[in-house]
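Subject: Structure handover

Hello,

Here is the structure you asked about, with the sequence alongside. My notes follow below it.

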2 protein chains.
Amino acid sequence: MARIRLPSLDSARHMMATGCRELPIACHTPGMDHSDGAGSGPSRPVTIYDVAREAGVATSTASRALSNPGRVSERTRAHVEEVARRLGYRPNRIAQALPSGRTRMLGLVVPDIANPHNARLIRGAEAQAAAAGYTLVIADSQEQPELEAAHVERLAPFVDGFVLSSRVDDAGLHGLRDRRPVVLFNRTLPELPSVCVDFDDSGRQVVEHLTSLGHRTVAYLRGPATSWADATRRAALAAHCRRHGVALTLLGPFPPTLEAGAAAADAALATDATAVIAFNDLLAIGVLQRLEHRGVAVPGALSVVGGDDIFGATFCRPPLTTLASPADQAGRTLVDMLNGRIDATEVVLPAPLVARDSTGPRRS
Amino acid sequence: MARIRLPSLDSARHMMATGCRELPIACHTPGMDHSDGAGSGPSRPVTIYDVAREAGVATSTASRALSNPGRVSERTRAHVEEVARRLGYRPNRIAQALPSGRTRMLGLVVPDIANPHNARLIRGAEAQAAAAGYTLVIADSQEQPELEAAHVERLAPFVDGFVLSSRVDDAGLHGLRDRRPVVLFNRTLPELPSVCVDFDDSGRQVVEHLTSLGHRTVAYLRGPATSWADATRRAALAAHCRRHGVALTLLGPFPPTLEAGAAAADAALATDATAVIAFNDLLAIGVLQRLEHRGVAVPGALSVVGGDDIFGATFCRPPLTTLASPADQAGRTLVDMLNGRIDATEVVLPAPLVARDSTGPRRS
DNA sequence: TTGTAGGCGTTATCAT
DNA sequence: ATGATAACGCCTACAA
């Protein structure tokens, strides 16, 4: 009950607590309230019945006055509204949702909430959801398709639709599709609306940037095998490399994390590539760290390109050449598509190259 | 309807779309289904009535069999369960929540979802919530108390309780308190359970670290004026500086962002401090960038200390001396407190100093 | 324009 | 052990 000082607990230890699933939330203001005092402190939430009674109308009239004005006389509407305000009436959203089946909540699942790139997606989506009167529920699948599926499963009963930056396979998505409306980020699937970065054009920009610097052998450091974006990016790079007579080596897949950068860098150094393109900035920055550790000059000995221009890309060493992924706009657009404000099935957003200092003329 | 290529839209332009709030979610599988076909494709979700009818028992029995086994014969339980599985029955969580008022959802509001520090808090909280069978709803208040209040307002009807990393004033929190159970991160308030970093001890560590390097004049770069953590950290630093005969200058408040680092660095350089302590790492890294830009050697001319050891603290230049804030453990503990698994009102977690290269001997 | 009544899917309370 | 029934709070035909 009193002040407690805890030593650092590791996750495993913490989770040891039994999986007891029935732990009632601590109750607030338990019992013992003034029963029917003067006027100020109602312990039970005021319902539409209270409003109707107080206003001297039927519940249906009260309901209409509040949620369907226009089907009720102006006088009644004003009166009911006044009473509702005075009583502090707040509609029970759960009860509202029961008959209609709509909660005005939207689910957004991202593979890694710690990736700043996704933070931008979230910001955009949340802003647009709020503007449309929806509440956004965010979940983190930690790059695990199973966890993503679990989240979707748990959220589905509550939300009106999903925005997914998904690692689940096509079949899984199709299965979900006829439970709830779904829109996809950086993934296409027949019948499902999506917003994708223009991987083809950004691939072109990267390859042209590198060739203009004289590079002729390039390595691509793959992201997760479950990532559609990775497959698409890879294909685009391959096509443009072929067109420009550039030799492309595929390495990986690697987890899209800082830590994986070490292995990725080592793999790249084992090839004769003079430039590497990483799946995303997290991986690219990890590569940078490893290269410095191994004494490899960037861009002197090796040029490095990232993928999404996240927080950190400007202050890592050297600042990272990357692609300005419009995640925030993607978030807004996805939500708009979900609620029908934008009627399109495949939106493609440009991701312009941002040349910083991690790429330079081929030297070797 | 077809493939669309969009130019980059700025946020303002995007938001220009009218604030029309009534945009129905695109319907899926609308109407016209086989009415009572053979066996496989039910369009309407199967209810407990369907299960009961199919199993030849009363709905109450079916309900008990599924959610209250033990109050029903083993034979019945098995049978009902089998039928439910066969029919693909999934309880309607909304309907479950209506009588009980409990949704098994928890709200978590953070001031800045793009701050990696909060990502760790979210991870911890989500893990523990999932383990207890709860779903975590995450929202981003973008350092705006009003937006936080709005989120809480919108979430309150749906969630069983809140974890708040709050910027709202005490009165606001007290008001919320008797609507839903609340636990606080890095903030204390009478009557409200909380988990806080040990600001006093971490302040001591920082001050002792700096004095051991010979520093006698230090500046503290404040965070948001609405941050309890900032006030507490500041007070702790002041106390320990006094004890060690160190002169402390307070600067700010500053927004806890990379961008604000420039102004903060300039302010610090205008003093005679040989070391600066920043509210958090975001600000500290921004300071580092500015100092480099202005040609000030770190730690040669100025030592810099951060606050929470975020992503980026290891690869900024130079790597940042900071405090290892146990945000993930805090997240787990907060959720445990919310659902009563931990019975404490004030938990204090240590944040050990991590000495990297941004601090060094006083030179000037 | 307004009132009456039924239903949304569950769980809990009472009988049986 | 099981069955009937009444809530939960709101919405919406339908009737007046």
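In which loop of chain B does Asn186(B) lie? Asn186(B) lies in the loop between E5 and strand E6 (residues 194-197) of chain B. Please keep in mind throughout that this is a predicted model.

**Backbone points**

Most residues other than glycine have a negative phi, and most peptide bonds are trans. Asn186(B) is not a glycine, yet its phi is positive, about 50°. Its relative accessibility is 12%, and because buried means under 20%, Asn186(B) counts as buried.

In chain A, Asn186(A) also has a positive phi of about 50°, although it is not a glycine. Asn186(A) is found in the loop between strand E5 (182-185) and strand E6 (194-197) of chain A. With a relative accessibility of 12%, Asn186(A) counts as buried.

One joins Gly252(B) and Pro253(B), with omega about 5°. Pro253(B) lies in the loop between E8 and helix H11 (261-269) of chain B. Another joins Val298(B) and Pro299(B), again with omega about 5°. Pro299(B) is in the loop that runs between H12 and E10 of chain B.

Strand E4 (residues 161-164) of chain B is covered on both faces. Gly161(B) and Val163(B) are buried on one side, and Phe162(B) and Leu164(B) are buried on the other.

E4(B) runs parallel to strand E2 (residues 105-110) of chain B, and four bridges join the two. In this pairing, Gly107(B) stands opposite Phe162(B). E4(B) also pairs in the parallel sense with strand E5 (residues 182-185) of chain B, over three bridges. Here Leu164(B) stands opposite Leu184(B). With helix H8 (residues 170-177) of chain B, strands E4(B) and E5(B) make a right-handed β-α-β unit.

**The four-stranded sheet of chain B**

Chain B has an open sheet of four strands in the order E8-E7-E9-E10, with parallel pairing. Strand E8 (247-251) and strand E10 (303-305) of chain B stand at the edges with a single partner strand each, so one side of each has no neighbour in the sheet. From one strand to the next, the twist averages 20°.

Strand E7 (residues 217-221) of chain B pairs with E8(B) in the parallel sense over five bridges. Thr217(B) stands opposite Ala247(B) in E8(B). Helix H9 (residues 199-212) of chain B packs on the sheet and touches E7, strand E9 (275-278) and E10 of chain B. The direction of H9(B) makes about 165° with that of E9(B). Helix H12 (residues 281-293) of chain B packs on the sheet too, touching E7, E9 and E10 of chain B. The direction of H12(B) makes about 160° with that of E10(B).

**Helix pairs in chain A**

Two packed helices are described by the angle between their axes and the distance between the axes.

Helix H6 (residues 116-131) and helix H13 (residues 327-338) of chain A pack at about 40°, and their axes are 7 Å apart. H6(A) and H13(A) are therefore oblique to each other. The crossing of H6(A) past H13(A) is right-handed. Residues of H6(A) in this contact include Leu121(A), Gly124(A) and Ala125(A), while those of H13(A) include Ala330(A), Gly331(A) and Leu334(A).

Helix H11 (residues 261-269) and helix H12 (residues 281-293) of chain A pack at an angle of about 65°, with 7 Å between their axes. H11(A) and H12(A) are therefore roughly perpendicular to each other. H11(A) passes H12(A) in a right-handed crossing. Among the residues making the contact are Gly261(A), Ala265(A) and Leu269(A) of H11(A), and Leu283(A), Gly286(A) and Val287(A) of H12(A).

**One residue in helix H4 of chain B**

Thr76(B) has its place in helix H4 (residues 74-87) of chain B. Its relative accessible area is 21%, so Thr76(B) is partly exposed. Leaving aside neighbours within four places in sequence, Thr76(B) is in contact with Val57(B) and Thr61(B). The C-alpha atoms of Thr76(B) and Gly56(B) are separated by 10.0 Å, with the two residues 20 apart along the chain.

Regards

Key: Residues numbered from 1 in each chain as written. Chains lettered and ligands numbered in written order. Predicted model: local features only at pLDDT ≥ 70, side-chain atom pairs only at ≥ 80, totals over all residues. Heavy atoms only, no water. Buried < 20%, exposed > 50% of the residue type's maximum accessible area, 1.4 Å probe, protein only. Pairing = 2+ DSSP bridges. Right-handed = clockwise from strand over helix to strand, strands pointing away. Axes fitted to C-alpha atoms, helices over the stretch in contact; angles between N-to-C directions. Parallel < 35°, antiparallel > 145°, perpendicular 65-115°, else oblique. Left-handed = near helix turned anticlockwise from the far one by under 90°. Contact = heavy atoms within 4.5 Å.
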